[in-house]
Amino acid sequence: MNGKELTDEEMIQYFSDLAGRHQNRLVGRYRNAIYFILDETTCFSGMDESLMTEPFLLVSRPHHKRAAGFPLNSLSVDQSAIELSFKAFFEKALSRPEGICRMDAGRRKPAI
């Protein structure tokens, strides 16, 4: 960044602060590239959208598990896992006879 190569911890700090300033609502994707050298005169490269990762959320609180060389993994949350957990919640709630909420002395309370 600005000509300086950041350490894993510096990257975690920078992107954690950035995510925090955006209320943990940053969505990212990795855009991968391939460069294949066949011989001294022949090479192939590609940066097609099919090489991109699925979108993920970038959050401000890093996970305690870390992998050296992959600092942003500790700040990344798989959006599909979040979507699946919401889907599972609503499927479970809708399968109940009382639905998502039940009445208790005139106030609605979650049934789950």
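Leaving aside neighbours within four places in sequence, I12 contacts P62, R66, P71, S74 and L75 (contact means heavy atoms within 4.5 Å). The model is predicted: local features need pLDDT of at least 70, side-chain atom pairs count only at pLDDT 80 or more, and totals for chains, interfaces and linings use all residues. Residues are numbered from 1 along each chain as its sequence is written, and side-chain values use heavy atoms, with hydrogens and water left out.

I12 also belongs to the largest nonpolar core. A nonpolar core is a set of buried Ala, Val, Leu, Ile, Met, Phe, Trp, Tyr and Cys residues joined through side-chain atoms within 4.5 Å. Buried means under 20% relative accessible area, exposed over 50%, and partly exposed in between (1.4 Å probe, protein chains only). In soluble globular proteins, nonpolar side chains tend to be buried together. Buried residues make up 15% of the 112 residues in the protein chain.

The protein chain holds 2 helices and 7 strands. From the N terminus, their order is α-β-β-β-β-β-α-β-β. Helices (H or I, at least four residues) and strands (E, at least two) are DSSP runs, numbered from the N terminus. Of the contacts between residues at least 6 apart in sequence, 40% join residues at least 24 apart.

S16 lies in helix α1. S16 is buried, at 11% relative accessible area. Its side chain reaches the backbone oxygen of S60 at 2.3 Å, a polar contact (a pair of N or O atoms within 3.5 Å; within protein, one must be able to donate a hydrogen and the other to accept it, and residues adjacent in sequence count only if both atoms are side-chain atoms). Not counting residues up to four places away in sequence, S16 touches V59, S60, R61, P62 and L75.

T7 sits in the segment before α1 (8–21). T7 is partly exposed, with a relative accessible area of 43%. T7 and A68 are 61 residues apart in sequence, yet their C-alpha atoms are 9.8 Å apart in space.

The protein chain exposes about 9000 Å², of which carbon and sulfur atoms supply 56%. Accessible areas come from the Shrake-Rupley method with a 1.4 Å probe; for residues, only the protein chains shown count as cover. On the surface, I34, F36, L38 and F44 form a nonpolar patch with about 420 Å² of accessible area together. Patches are made of residues with over 30% relative accessible area and no salt bridge; like charges are joined within 9 Å, nonpolar side chains (Val, Leu, Ile, Met, Phe, Trp, Tyr) within 5 Å. A salt bridge is a side-chain nitrogen of Lys or Arg within 4 Å of a carboxyl oxygen of Asp or Glu. I34 is found in strand β2 (residues 34–37) and is partly exposed, at 48%.
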